[in-house]
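Subject: Handing over a structure

Hi,

Here is the structure I promised to pass on to you. Have a look at it first, and then read on for what turned up in it.

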Amino acid sequence: PISLVATEAFWGIGDFAKIVIKNFFPFVKTTLPRLFFSRVDHPILTHLIYLPAIALFLKFWLRPSRNIALVAGIFAGLLFYTYFHIWVYWIGVLGLLFLATLIWYRREPERFKNYFVLVGTIILVSVPYFVNYFRIKALPTGTDYLNRLGLEIGSAFRLEVWPHYLVYLVLAVLIYLTFWKNSETRKRAVIHWAFLGAAVLVWNIQIVLGFVPHSDHWPRGINPLIFIAIFDLFYVWITRWLERAPKYKKFFAAGLVVLILLSVSKKIVNALAFINPPKEISSSYMLPEDALRSWQWMEKELGESRVISPSLLTSIYLTAFTSSRPFLPWGGITPISNFEMEERYLTANKLFGVSEEVLEKRFRSGKGLVCRANCDQPYALSNLRDTRVYVYQLYFLDTGDPERREIIDEKIRELIKRYRTLDIAWKDLAAEYVYYGPWEKDFTGIDLKSNPSLELIYHSGDVEIFRIKK
């Protein structure tokens with residue numbers, strides 16, 4: 001886990017103790033809601049591609065050959081399909097090292113020739129990625145979708161991440177003193193400097209592009225290479241020290257074994273904590289039983305059906321636990337326009353009888369809404385507060401406060417006006433079934449059983465499911 005937050009470990013004594021030292025003390029039982037590698041998308045899936053790409057290129061850099069160039073190029077090309085910030089950063093590293101090859105190593109024919117093999121392989125593997133990108137960008141709705149993914153507009157140098165720059169600067173000096181001053185290890189200095197140089201470049205890519213998506217995600221690509229640079233420095237320092245003081249080799253080996261055992265023990269302690277986790281942690285991962293039973297029934301009886309609900313949280317869980325296709329999509333994964341997202345959201349609320357007052361509170365991050373059940377659970381708060389997240393994702397940005405992304409007042413007034421004049425019947429809806437459960441009842445108390453356009457086909461506990469009569 002240290003490699004995931006390597007830069008942040010040096011921001012202060014407390015950070016170093018939390019990120020580094022505690023990893024070697026199994027008796028420090030810090031309660032964690034999840035393990036470091038618990039997320040599937042990142043780091044588990046990304047590292048399956050990223051770590052081999054790094055290892056193969058390091059092997060190529062030290063001993064260039066055509067076969068290694070081909071395989072390293074394949075893995076580097078596959079990064080385009082894993083995580084945006086990682087492939088951009090890694091291509092920056094490779095670009096800087098290509099320039100270094102042109103400047104310092106052009107008289108090494110094998111390196112020079114095979115670097116072109118590497119670059120050509122990356123281009124070939126990444127072609128489908130760019131085909132899809134330009135197809136999405138060419139869509140009439142492409143601009144809305146890309147902006148929902150979190151574009152920060154501007155061309156200023158990013159000064160607020162100066163702690164990162166300070167770590168890079170210190171490492172750059174140490175790399176110069178450790179590797180560059182020794183002619184036999186200068187290639188290692190060059191590659192580590194490329195790691196650091198590419199980090200500074202991607203932090204400020206907006207200077208060239210005028211925008212950047214999710215700027216706080218750059219460390220996800222940078223930190224593993226910072227960790228490699230730090231590890232390499234320590235390896236060389238210790239090796240040189242032991243060459244001058246060989247009598248300490250046995251003591252160092254014993255100490256290393258102890259550290260390994262402590263680290264492994266700490267991970268075992270962390271994992272064992274999840275066998276019988278504290279109630280406040282385990283309960284946060286439990287969903288309402290009524291909802292779970294209804295999803296099982298839907299998966300068995302309804303198959304790939306179109307279902308409407310005014311709760312975006314319900315829509316997301318229906319996608320995860322059933323084959324249903326929710327009427328309300330999540331703005332972060334669908335390329336439809338903002339206008340269509342809004343129309344679907346307004347339509348769902350209108351048909352469920354949500355009042356204008358409640359709707360406005362939903363647009364204002366749930367301020368003033370009252371939780372109905374399971375209020376101590378994270379999903380309950382998400383259901384009340386996260387309309388902006390589910391509909392617009394990161395579309396709205398307060399330039400004065402980048403952390404504040406509320407829906408602007410002008411847009412809320414426009415939406416309420418459209419809601420007031422909206423007129424739609426159940427039979428005209430592009431959906432087949434209606435889901436009415438505990439999360440929907442946070443916003444409305446409507447009695448759908450009395451609606452002649454709907455037929456009740458499921459009722460268990462707090463959940464009702466209706467078929468829409470066409």
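Let me start with the charged side chains: the count comes to 24 salt bridges, where a salt bridge is a side-chain nitrogen of Lys or Arg within 4 Å of a carboxyl oxygen of Asp or Glu. Before going further, please keep in mind that this is a predicted model, in which local features need pLDDT of at least 70 and side-chain atom pairs count only at pLDDT 80 or more, while totals for chains, interfaces and linings use all residues. Residues are numbered from 1 along each chain as its sequence is written, and side-chain values use heavy atoms, with hydrogens and water left out.

**Salt bridges**

One of the salt bridges joins D232 and R188, at 2.6 Å from N to O. Helices here are DSSP runs of H or I with at least four residues, strands are runs of E with at least two, and both are numbered from the N terminus. D232 is buried, with a relative accessible area of 14%, whereas R188 is partly exposed at 24%. For these words, buried means under 20% relative accessible area, exposed means over 50%, and partly exposed is in between (1.4 Å probe, protein chains only).

E356 and R420 also meet in a salt bridge, at 3.1 Å from N to O. This pair links helix α16 (residues 356–363), which holds E356, to helix α19 (residues 409–421), which holds R420, across 64 residues. E356 is partly exposed, at 30% relative accessibility.

K361 is partly exposed at 24% relative accessibility, and E357 is exposed at 54%. Elsewhere, E342, E343, K411, E414 and R418 are linked in a network of salt bridges.

**Aromatic rings**

The structure holds 40 aromatic pairs. Rings of Phe, Tyr and Trp (its six-membered ring) pair if their centres lie within 6.5 Å; planes under 30 degrees apart count as stacked, over 60 as edge-to-face and the rest as tilted. Among them are Y81 and Y129, with ring centres 6.0 Å apart and planes at 85°, so this pair is edge-to-face. Y81 lies in the loop between α3 (66–78) and α4 (84–104), and Y129 in helix α5 (residues 109–138), so the pair ties together parts that are 48 residues apart in sequence. Y81 is partly exposed at 41% relative accessibility, while Y129 is buried at 18%.

F84 and W218 form a tilted pair, 6.3 Å centre to centre with 45° between the planes. F84 is in helix α4 and W218 in the loop between β2 (211–213) and α10 (219–244), 134 residues apart. F84 is partly exposed, with a relative accessible area of 33%, and W218 is buried at 0%.

Charges meet rings too. R186 lies over the face of W180, at 4.5 Å from the ring centre, and K350 lies over the face of Y419, at 4.7 Å. A charge sits over a ring if NZ of Lys or CZ of Arg is within 6 Å of the ring centre and within 35 degrees of the ring normal.

**The sheet**

Five strands form an open, mixed sheet in the order β4-β3-β5-β7-β6. Its edge strands are β4 (325–326) and β6 (454–460), each of which pairs on one side only. Two strands pair if DSSP finds at least two bridges between them. β6 and β7 (residues 463–468) run antiparallel and are joined by six bridges, with L454 standing opposite I468 in β7.

Happy exploring, and write back with any questions!

Best wishes
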